[in-house]
Amino acid sequence: MKIDRRCFLSLGIGAAAGITLSPLPWKITDDLSIWTQNWPWTPVPPDGKTINKKSACQLCPGGCGIAVRRIDKRVVKIEGLKGHPVNDGGLCTLGLSAAQLLYSPFRIQAPVKKVNGKWRKISWDDALATITTKMTELREEGKAHTVAGIIGGERGTVSMLWQRLFKAYGSPNLMRNTSMEDAYSLVLQKTQGNRVLPGFDFENADFVLSFGSGLIDGWGSPVRMFRALGDMKNRQAKFVQVEPRLSNTAAKADQWLPIIPGTEALLALGLIHVILSESLYQVRFVEQHCEGFDNFKKMVLETYPPEQVAKATGIKVETIKELGREFARAKNPLAVCGRGQGLTPGSFQETAAVHVLNALTGNLGEKGGVLAMPAGPEYEEWPEVEPDDVAAEALQQKRLDGAGGDEFPDAGDLPTRLAQVINTGKGDGIQLLFISGANPVYTLPDTKAVQKALAAIPFKVSFATHMDESAEMADLILPNHCFLERYEDVPVAAGLTSPIVNLAVPVVKPMYNTKHVGDSIIAIAQALGDEIADAFSWENYKTCLKETLGDEKWEKLTEEGYWVDEEFKPVPWKEGFKSAATKFIFPDPARLNHPPVSASGDAKQFPLTLIACDSMRLAGGAVGSPPFLIKITPDSVLLKEDLVVEINPATAADLGLKEGAQAVLATPKGSGRVRVHLDHGIRPGLVAMARGLGHGAHDKYLAGKGLNTNAFIGPVDDPDSGYDAAWGISASLAKA
Amino acid sequence: MKQEQEKPKKFGMVIDLDKCTGCGACMVACMAENNVPFKENETNKLDSITWMRVYKLTNNKPFPMTEVCYLPRPCQHCEGLHTGHSPCVSVCPATATDYDMETGIVSQIYTRCFGCRYCMGACPYHARYFNWWDPVWPEGMEKMLSPNVSPRMRGVVEKCSFCFHRYQAAKDKAFYKETRAIAEDDYQTACTQACPAGAITFGDLDNKDHAVYKKKQDPNAFRLLERLGTNTKVYYLSRKEWVRKAGDNYLPGEGLQKPRRIHE
Amino acid sequence: MSTADDNEREVHGQETDADGGGHDSGTTVREGGGFVLLFFIIGFAASLVVGWLIFPNLLYSQKKQPFDFNHALHMGEVDNGCESCHFFREDGTYSGVPKLAQCVACHEDVQGDTQDETIFVEKYVSKKREVPWRVYSRQPDCVFFSHAAHVKMAKMDCVTCHGHIGESTSLPVYEENRLTGYSRDIEGHHLENLLCLKKNTADRMKMDDCAECHLEKTGRKTSVQTEKDGCFVCHK
């Protein structure tokens with residue numbers, strides 16, 4: 001008897017049989033299959049209590065209310081606030097992705113100072129002391145006016161605090177970013193007598209004529225415009241878009257008039273010609289409530305007959321005549337202007353012509369017409385600032401940008417002229433520049449000139465939330481809280497028809513060592529001492545905000561998130577205007593009777609015309625697009641890192657370019673490599689370029705992708721107002 | 001003891017293409033709601049995961065007769081000609097995708113999926129996306145992830161679920177009040193809510209009280225690739241004939257096909 | 001020569017051996033038949049022991065909770081039974097394991113003199129850290145479980161699924177499956193659970209258990225693929 005291999009075989013078979021009859025293989029198989037479904041590096045989002053917090057979006061001037069969905073202390077999603085008068089639950093792409101801005105790795109997490117080209121963290125006390133020391137020195141040297149500021153918006157308490165600081169300290173050089181609202185505001189002042197803002201009653205208009213305004217590409221208050229245009233479809237109101245390119249807005253219009261770019265003012269004047277020559281205007285308005293009509297009429301009838309206009313604009317005489325008649329005969333016609341999102345103010349000629357077109361149909365202050373809106377919400381008054389002697393003297397200095405000066409007496413702010421002024425060495429050099437709520441290095445036209453001008457300023461202080469292009473150029477950064485972490489009032493104009501204020505509240509505690517810019521301003525003012533400190537007696541920004549809003553508004557705002565002035569009623573034209581004569585004053589014919597602002601550049605070297613185009617898929621302003629926006633950017637706009645420009649197939653054939661081909665785009669301001677996309681929806685001879693790309697800073701999802709339109713297009717001073725009236729630039733496109 | 005049975009629902013959408021502005025809010029709302037990841041380079045749209053995608057259609061006419069229309073495309077939640085014979089469900093070897101007759105929703109269970117991608121081949125609408133890479137969120141941004149939707153992993157297919165987790169939440173809310181009644185408003189997809197133009201309507205296609213019931217009977221309603229018999233639950237509206245014709249493949253000169261009405 | 005002889009003998013011997021071997025092997029089979037059977041039985045028995053007794057113990061690692069918790073004691077302090085701490089929120093979602101915020105009202109300072117209490121207050125309450133409890137009923141992330149559906153609509157008791165944990169004075173040891181990472185409470189503690197059998201609903205909480213009960217109680221066969229309840233009823 002021996003133990004041999006058979007025994008072991010038998011042992012094995014026995015073991016196998018036993019194992020099979022035990023749970024081991026089955027359990028292991030089952031567990032392994034579950035194990036394969038475990039991906040420990042895939043995050044498991046923690047569950048918790050869901051809270052919806054009401055707040056206000058501050059990423060554009062649109063004034064949407066937002067509902068922030070928080071799970072425990074995390075912001076999970078941002079949605080539109082239901083019942084909000086502006087957006088009623090809807091929200092745009094940028095607002096929807098705003099949580100990505102809150103959690104962006106590109107947040108500035110503490111005050112930093114640039115030392116030998118590198119950022120070094122410093123304490124808040126040191127940061128504020130650096131500024132106040134500098135400001136005190138400059139004041140003592142009699143150079144208070146060499147402190148300048150570029151800020152985001154005109155309205156709201158933060159902006160009011162900036163203005164107050166500059167007034168008490170003694171510098172006239174605080175500049176805001178400008179937009180089409182500035183051009184409108186000027187026209188309203190000239191024609192109706194008070195510097196108000198325009199309101200557009202799209203909700204009641206039955207015929208909308210838009211001169212290149214991207215009504216659904218982000219113009220005015222974007223979500224309100226989406227809603228208004230959707231509603232117009234339901235009401236079967238007519239909508240005509242005048243634009244050289246088939247933008248989303250043009251695509252949604254009932255009629256698209258592909259005009260030669262830059263000639264919109266001429267078309268408006270041509271339409272006025274039709275209305276005047278066929279006596280289609282509102283007679284009572286002209287006879288009883290106007291001044292200067294005869295001169296104006298004479299000028300238009302002489303200079304802008306439809307035949308002339310047709311030649312210049314590329315739109316048929318018959319179309320012009322029909323459009324003029326149809327517009328004048330509509331019950332509630334409404335004409336608007338401000339190209340694209342209205343980021344560039346535009347010329348006085350164009351805005352005034354469009355406004356007169358409205359006026360002649362008798363829609364001013366009427367249902368479906370253009371309303372004069374108050375320039376800001378009614379707040380509790382602050383005690384008047386009394387500048388001390390130093391400040392009073394410094395405030396006598398002329399503004400560097402020339403606004404309000406001899407050349408451009410009508411302009412409020414001209415930041416687009418700043419680079420040119422600094423680079424040509426005019427005026428006293430700026431010694432200290434504050435940048436708050438703005439990103440001038442990215443948003444101002446002619447990037448190279450702006451960079452050069454900023455580099456010449458010895459000390460720049462940024463109050464940015466994210467490391468954007470302007471923050472990168474700064475010497476000191478005092479990071480503001482992200483808008484989801486701070487209190488702030490958000491007065492809304494944006495073409496709405498009732499005055500609205502929203503309140504942004506901190507939906508989460510500040511994540512980093514940041515400080516509300518309002519608190520920074522108050523701290524700076526208080527450290528400067530004497531009269532300046534006296535003008536800022538608030539304990540902190542929150543008490544300032546609360547006092548300014550008043551108890552009633554504060555209560556309503558903290559509860560509802562918004563406050564609407566229910567008592568506001570537009571003043572119809574029949575009740576007169578605010579001008580001295582209570583009449584509508586037709587613009588001086590000389591200011592309208594000249595060729596429109598043209599694209600700069602030599603036509604031989606640059607035979608094409610480059611225009612910038614806005615879309616909802618990219619943020620074109622001071623805020624950089626978060627990753628979600630880059631994700632939904634079409635491949636006909638961005639391909640890998642390449643910007644894709646749009647040209648007509650006919651243009652492409654002339655240039656020998658095929659779809660997707662690489663090319664070099666050049667303008668008098670700059671050049672760069674692009675790819676081309678062929679599209680029938682653009683006038684031959686034009687090159688369209690999306691705004692919002694070409695960021696040098698921000699995260700890897702945005703930085704280094706595409707090109708910035710501002711690097712190609714320079715500002716053009718409107719001869720009548722000084723506002724930037726550039727609508728494009730001469731360009732060339734050649735095979736790479 | 002058997003519980004009381006509810007009337008089966010057929011959730012679906014009606015999208016008014018004349019109102020859609022192509023802004024992309026639906027896409028972003030969807031990505032934020034459903035933990036859809038993003039990569040550094042998303043310009044290759046074939047591997048860019050967007051459950052909801054807005055396509056640009058043109059009439060291909062030269063300047064200036066060119067017209068453009070935008071078409072948002074979520075998962076069409078095909079019912080097929082006999083219930084549940086959806087193109088993707090019938091090819092899935094892993095029981096990862098399924099058709100639920102209770103709601104009419106085509107489900108996708110990520111942990112169940114083993115990534116064969118048959119369903120992607122079968123789907124005529126390109127509504128399904130494959131995770132070629134592990135999702136990566138920049139440091140700190142994973143805080144935005146919603147616990148109501150399970151984040152996906154490398155190697156699985158994902159697609160629009162008609163925000164099913166919102167239906168689960170709506171049911172929870174109703175159950176808490178010890179009722180089964182869910183109002184039209186209680187269950188709406190993220191894209192429907194976000195659309196600033198009000199172009200998307202969502203509801204039970206079989207429920208006479210829901211807005212979609214009426215809208216789908218509009219003479220201008222059509223569905224995508226109607227003739228494949230996929231019997232989808234997403235209807236489109238457009239007054240323009242060229243747009244309606246773009247919804248299917250037509251021979252030159254062929255007239256517009258009248259939709260087969262299955263959901264009456 | 002001798003070498004040659006030896007070789008010869010050896011060769012012969014080998015032949016003999018080979019012959020004998022051939023002959024012998026028959027006897028070994030006959031004689032060794034007992035061994036083969038014995039070895040079979042040994043193998044069989046040993047693997048049964050390994051498969052049924054050793055393996056289940058090896059499969060699970062025993063993990064401790066951060067500190068012990070006395071459910072019975074707390075039940076005596078509250079008015080509303082389990083729902084006092086494990087409550088529904090107004091939106092119908094279920095709060096699950098209490099967060100620190102719920103405990104601090106009473107546990108701001110050390111209550112009583114147990115060591116667990118000291119750990120709780122010193123390590124968690126005063127440092128505002130959430131307690132990293134190991135949850136016995138934790139399901140994978142892809143599972144959506146509606147407490148409202150089961151408790152409010154189907155009127156099920158807590159004990160049906162969670163057993164009598166509410167009466168316990170200390171927490172059971174947390175046994176974690178080394179392969180899957182899930183708690184043994186999901187897979188079952190009893191031997192028959194390993195064969196997908198169970199006595200009580202609470203014994204085992206895997207997908208098949210859910211599906212089986214759903215089919216039995218609701219009768220729904222709405223899933224086209226499985227002819228059971230729809231996948232999205234419990235998945236997310």
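Two strands are said to pair if DSSP finds at least two bridges between them. Helices (H or I, at least four residues) and strands (E, at least two) are DSSP runs, numbered from the N terminus. The model is predicted: local features need pLDDT of at least 70, side-chain atom pairs count only at pLDDT 80 or more, and totals for chains, interfaces and linings use all residues. Residues are numbered from 1 along each chain as its sequence is written, and chains are lettered from A and ligands numbered from 1 in the order in which they are written.

**View 1. Parallel strands around β10 of chain A.** Strand β9 (residues 207–213) of chain A runs parallel to strand β10 (residues 238–242) of chain A, and 5 bridges join them. Within this pairing, A:Phe211 stands opposite A:Val242 of β10(A). β10(A) also pairs in the parallel sense with strand β11 (residues 255–257) of chain A, over 3 bridges; here A:Gln241 has A:Trp256 in β11(A) as its bridge partner. Of the 5 residues of β10(A), 4 are buried (20 or more other C-beta atoms, placed from the backbone, within 10 Å of the residue's own).

**View 2. The crossover from β9 to β10 in chain A.** β9(A), helix α8 (residues 222–235) of chain A and β10(A) form a right-handed β-α-β unit.

**View 3. The largest nonpolar core.** A nonpolar core is a set of buried Ala, Val, Leu, Ile, Met, Phe, Trp, Tyr and Cys residues joined through C-beta atoms within 7 Å. The largest has 312 residues, of which A:Ile272, A:Val687 and B:Cys26 touch the most other members. Helix α10 (residues 264–277) of chain A gives the most to this core, with 10 residues. Another core, of 9 residues, lies apart from it and includes C:Val36, C:Phe39, C:Phe40 and C:Phe44.

**View 4. The side of chain A that touches chain C.** In this interface, 28 residues of chain A are in contact with 28 residues of chain C (C-beta atoms, placed from the backbone, within 7 Å). Helices α1 (5–20) and α2 (24–36) of chain A each supply at least two residues to this side of chain A, and α1(A) gives the most, with 11 residues.

**View 5. The end of helix α8 in chain C.** Helix α8 (residues 207–218) of chain C has 12 residues. C:Gly219, which follows α8(C), has a positive phi, near 70°.

Conventions
Expected span 1.5 Å × (residues − 1). Buried ≥ 20, exposed ≤ 12 C-beta atoms within 10 Å, placed from the backbone. Right-handed = clockwise from strand over helix to strand, strands pointing away. Contact = placed C-beta atoms within 7 Å.
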